[in-house]
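Subject: Structure handover

Hello,

Here is the structure I promised to pass on. Please open it alongside this note; my findings follow below.

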Amino acid sequence: MKTTRAYPRVEVDTASVPAVGQAGGVLLTETIAATGLGAELSEALAPWRKPLAVHDPAKVITDLAACLALGGDTLSDVALLRAEPDLYGPVASDPTVSRTIDALATDATAALRAINTARAAARTRAWSLAGEHAPDHETSAKSPLIIDVDATLVTSHSDKERAGATFKRGYGFHPLCAFLDHGHEGSGEPLALMLRAGNAGSNTAADHITVIRDALRQLPGYRRGTRAGRKVLIRTDGAGCTHDVIEWMHGQRLSYSVGFTLPAETPELLELIPQDVWQPALDANDQIRDGAWVAELTDLLDLTGWPPGMRVIARKERPHPGAQLRITDIDGHRVTAFATNTRPGGPGTQLANLELRHRRRARCEDRIRTAKDTGLRAFPLHDFAQNQIWLAIVALAAEITAWMQMLALTTHDARRWEPKRLRLRIFTIPATIARHARRTVLHLADTAPWASLAHQGLRRLRRLAAPG
């Protein structure tokens, strides 16, 4: 009987060939060079480098970060880079990688401080190279730099130090994250990631203040003892709306937009608002959204004890079919609210615009999801300090990816691609290695649909590369 096959049948063997895997990962190594991250880490981690050591701890850390960006999720996955010395240089063995992590974890506080110092310096250069495409380009009190703060749960399938029961009846860790929002034209980058025990509270004020402070220290131009001012907006959900956090942000003169829990008497208060006071809400495309309205509640609420200048804005909308209403909902409408200190007046300060700005906080969930695709899905080590170092490497991997997109893929839709799409289309481009006249040449396969995009990005990064 004659059979047909949907795919060609080929003979398969193993052989020594000039082909390389993960060829597109050279975009990441060129980003590390262009931003000076490798040199900054090498200087910051110099105290952890042993005399006569072959491998620089900084190179071990950046190798792990590149590995996570390429899709790895354990220390041993660095073998992917070790197999390609022409692209990634000498890569430490698995035992050396483990010893490096252990050495950094011995004094995790100092090691994390050193890594964060290097990150801040590299970020300053990355934003400077990006020019008008940098997140802080033309920021002002009316158009602030936005930092999103949110927590997430990371499940642990084995017993690890300080892993515990979570509020959702799981078991693991409860890290708190601060991400910079690049806006609709880009993705975002992590500024501060704090590892916390599984039973850590969702609205712990001290943790929120610590993470926000650490995030501010990552901003270019930040100086200890200074205030970032209204050019920086802190955006978070109701977990960050505590008196201590709001008071601290008010004292730092930061702009904020935080979820606000309405009091039980809200239905009675909302009935006092005339129908013509409710203004149409906007959708994600800045168009009027049918079935949704916004109104200010500031004068109807007792805000005694809250900082001056705080406004409370409510949104009501027709819920989707099957949604369960809450006690604060009225007339079949879902009602939510947020608090902000943005003053009225001027473009972009209308209620609908402020509400849309706050609702875009959902981008933080996208940033967390992509971070989980870049090593945050699980903590593979046992000791809490070791996993703190792992989380710092996750942050490096995520921001190296974000900087690469910002610098190399500036004018292409690929700047918004998430890690999975980058890996499929860019990082796994097939290629071969050729050597000629003491030069090593990487030939990207021109049959790959996005090979020209990767090539253009590489050329741009080379032009921006830091001296030496």
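A word on terms before the strands: two strands pair if DSSP finds at least two bridges between them. Please also keep in mind that this is a predicted model.

**Strand 6 and its partners**

Strand 6 and strand 7 (residues 188-194) run antiparallel, and six bridges join them. Across this pairing, C177 stands opposite L193 in strand 7. The two strands, strand 6 and strand 7, form a hairpin with six residues between them. G183 sits in that turn and has a positive phi of about 85 degrees.

Strand 6 also pairs with strand 2 (residues 145-151), again in the antiparallel sense, over five bridges. There, A178 in strand 6 is the bridge partner of V149.

How many of the residues of strand 6 (residues 176-181) are buried? Six of six, so the strand is mostly covered. In a regular strand the side chains alternate between the two faces of the sheet. In strand 6, L176, A178 and L180 point one way. C177, F179 and D181 point the other way. All of these residues are buried, D181 included.

**Strand 13**

Strand 13 (residues 334-340) is largely enclosed by the rest of the structure, because six of its seven residues are buried. Strand 12 (residues 311-317) runs antiparallel to strand 13, and seven bridges join the two. R315 stands opposite T336 in this pairing. Strand 9 (residues 255-259) pairs with strand 13 as well, over three bridges and in the antiparallel sense. Here S257 faces T340 as its opposite in strand 13.

Strand 14 (residues 431-436) is joined to strand 15 by six bridges. T432 stands opposite H443 in strand 15.

The other open sheet has the order 3-5-4, and its pairing is antiparallel too. Its edge strands are strand 3 (154-155) and strand 4 (164-165), each pairing on one side only. Strand 4 and strand 5 (residues 171-173) pair over two bridges. G172 in strand 5 is the bridge partner of G164.

**Helices**

Helix 13 (residues 384-408) has 25 residues. From first C-alpha to last, helix 13 reaches 36 Å, close to the 36 Å expected at 1.5 Å a residue. Helix 13 is also mostly covered, with 23 of its 25 residues buried.

How do helix 12 (residues 363-376) and helix 14 (residues 419-427) meet, and at roughly what angle do their axes cross? The axes come within 9 Å and cross at roughly 55 degrees. Helix 12 and helix 14 are therefore oblique to each other. T370, D373 and T374 are the helix 12 side of the contact. P419, K420 and R423 are the helix 14 side. The residues of this contact divide into one nonpolar, two polar and three charged.

**Loops**

Q22 lies in the loop between strand 1 and helix 1 (26-35). Is Q22 buried or exposed? Q22 has a relative accessible area of 18%, which is under the 20% cut-off, so Q22 counts as buried. Leaving out residues up to four places away in sequence, Q22 touches L70, L80, L87, Y88, F427 and T428.

Most residues other than glycine have a negative phi. E138 is not a glycine, yet has a positive phi of about 55 degrees. R169 is not a glycine either, and has a positive phi of about 65 degrees. E138 is in the loop between helix 7 (108-130) and strand 2. R169 is in the loop between strand 4 and strand 5.

Are these two residues buried or exposed? E138 has 65% relative accessibility and so counts as exposed. R169 is exposed as well, with a relative accessible area of 82%.

Best wishes

Notes
Residues are numbered from 1 along each chain as its sequence is written. This is a predicted model: local features need pLDDT of at least 70, side-chain atom pairs count only at pLDDT 80 or more; totals for chains, interfaces and linings use all residues. Side-chain values use heavy atoms; hydrogens and water are left out. Axes are lines fitted to C-alpha atoms, for helices over the stretch in contact, and angles run from 0 to 180 degrees between N-to-C directions. Helices (H or I, at least four residues) and strands (E, at least two) are DSSP runs, numbered from the N terminus. Angles under 35 degrees count as roughly parallel, over 145 as roughly antiparallel, 65 to 115 as roughly perpendicular and the rest as oblique. Contact means heavy atoms within 4.5 Å. Ala, Val, Leu, Ile, Met, Phe, Trp, Tyr, Cys and Pro count as nonpolar, Asp, Glu, Lys and Arg as charged, and the others, Gly among them, as polar. The expected span of a helix is 1.5 Å times one less than its number of residues. Buried means under 20% relative accessible area, exposed over 50%, partly exposed in between (1.4 Å probe, protein chains only).
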